[in-house]
Every structure is written in C-alpha cells, then in structure tokens.
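Hello,

Here is the structure I promised to pass on. Please load it first, then read my notes below.

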Amino acid sequence: SVGRDFREVAALASYKHRGLAAASRVGLVNNANDALAWGILPVLMADQGLNTLQIGTVAGIYPAVWGVAQLATGAISDRVGRRIPVALGMWGQAGALLWFWKAVGFSHMIGASALLGLGTALTYPALLAAVGDFAAPSWRAAAVGIYRTWRDGGYVVGAVAAGVLADLFSIGTALVIVAVATALSGWDAWINLQSSSDDLNTLG
C-alpha cells in the first residue's frame, strides 16, 4: 500500500478517522487515570491514615495486576475484537476510581487498586492493536507515534486536571469527575471502535 504524508496521518489519528481518533482520545483518558493514580491517590490514602508501607503496597498492586493481566487481555482482544476489552477496561477504571472515593481502610484500597490495574490491562494492548488494525503497514509507525503522543499527553492532562480539581474542590470530587470522564470514554470506545477485528475498516 502507498504511504501517507505525515500531516495526513496526524489528521487521521487525531480527528479525521473515527476509529483512530477514538483510540487517541481513549488512550489520553487512560493515561490521565495513571497520572491520577500516582498523583493524588497516595494523598487520599495518607488522609485515611494508611502508613507508608500500606500506601506503597496499594500503589504497587496497580502496575503488578496491569503488567501480568495484559498477557491474557491482549490475546483476548485478538479473539473478541478491540471494542469490548477497551470499553470494559475504561468502565472498570471508572468503577475503581469510585471505589477509591468510597474506600474505607487498607483492604478496600487494595481491591480498588487491583480493579484499576485490570481495567488498564484491558485497554492498553487492545488500543495499541486497534491502531495497528486501522493503519496500513506503510504508515503504521507514524500512526502509532501520533496515537502515543495523544496517549502519553494524558499524563500531563491528568496530573494538572487532578491537581486543579483537588485544589478547587476536594480529592473526592476530583476522583468522581475523572471517573465520570472515564466512563464516558468507555462509551466513546464502544461507539467508535468496531466490535470485531474482521469488521475493522483498515486504511490503505
């Protein structure tokens, strides 16, 4: 297939192509949650009286579950398509953030952290694979680069937004607002990503 101009690829992955643009948006929100996890969640745990060891354990559960679970979730997305794991993963993350909001004590925080990790594991490999599904080999690396720019920009957006919301309102309010945005992002994935890899509108 014929390669595409970088500006054209940037437009496709940012707003022009329904599936690619959705992957970029959902990736941004996914990483915004990651920034939130490393930013204000330890403050929330400290406010609830958890000690340093407990906070470190809760923080470690999240990437541990994410890292191990994605060995299975990536394979699952090859079988069921990208839309289902991505949408479920975002909704799982939204539920985890609300669980953190209502959590009382160390055990609840462990459960919320594990759910957040599982949600991230569902979305991470499937989103990257979706970009590969949509983009032809001749310009796939450029599409992945644009997608990752949006996705990794979520770290900045999440850190700044969470800090501003927590300062203006409270940590709990920040969690709820981000949870709502995450749930809406799950609907974005459900509507705009195809349900099966056989149906994907691969671009030449």
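**Rings and charges**

Lys-102 sits over the face of Trp-101, 4.5 Å from the ring centre. Keep in mind that this is a predicted model.

Next, the ring pairs. A search of the whole structure gives five aromatic pairs. One of them joins Trp-91 and Trp-190. Their centres are 6.2 Å apart and their planes make an angle of 40°, so the pair counts as tilted, between the cut-offs of 30 and 60 degrees. Trp-91 belongs to helix H5 (residues 83–102) and Trp-190 to helix H8 (residues 171–192), so this pair ties together parts that are 99 residues apart in sequence.

Ring pairs link Trp-38, Tyr-62, Trp-66 and Tyr-124. Two of its members, Tyr-62 and Trp-66, are among the buried residues of H4.

**Helix H4**

H4 covers residues 52–80. How does its length compare with what 1.5 Å a residue should give? Its 29 residues should span 42 Å, and the end C-alpha atoms are 41 Å apart, which agrees. Even so, H4 has a bend of about 45° at Gln-70.

Both ends have a detail to look at. At the start, a side-chain oxygen of Asn-51 comes to within 3.1 Å of the backbone nitrogen of Leu-53. After the helix comes Gly-81, with a positive phi near 95°.

Now the buried side of the list. What covers the buried residues of H4? The cover includes helix H2 (18–39), helix H3 (41–47), H5 and helix H6 (106–134).

**Leu-88**

One last residue. Leu-88 is in helix H5. Its relative accessibility is 45%, so Leu-88 counts as partly exposed. The C-alpha atom of Leu-88 is 7.1 Å from that of Gly-119, and the two residues are 31 apart along the chain.

Over to you.

Best wishes

Conventions. Residues numbered from 1 in each chain as written. Predicted model: local features only at pLDDT ≥ 70, side-chain atom pairs only at ≥ 80, totals over all residues. Heavy atoms only, no water. Phe/Tyr/Trp six-rings, centres within 6.5 Å; stacked < 30°, edge-to-face > 60°. Helix = DSSP H or I, 4+ residues; strand = E, 2+ residues; numbered from the N terminus. Lys NZ or Arg CZ within 6 Å of the ring centre and 35° of its normal. Expected span 1.5 Å × (residues − 1). Bend = angle between axes of the 7 residues up to and from the residue. Buried < 20%, exposed > 50% of the residue type's maximum accessible area, 1.4 Å probe, protein only. Contact = heavy atoms within 4.5 Å. Polar contact = N/O pair within 3.5 Å; in protein donor to acceptor, adjacent residues only side chain to side chain.
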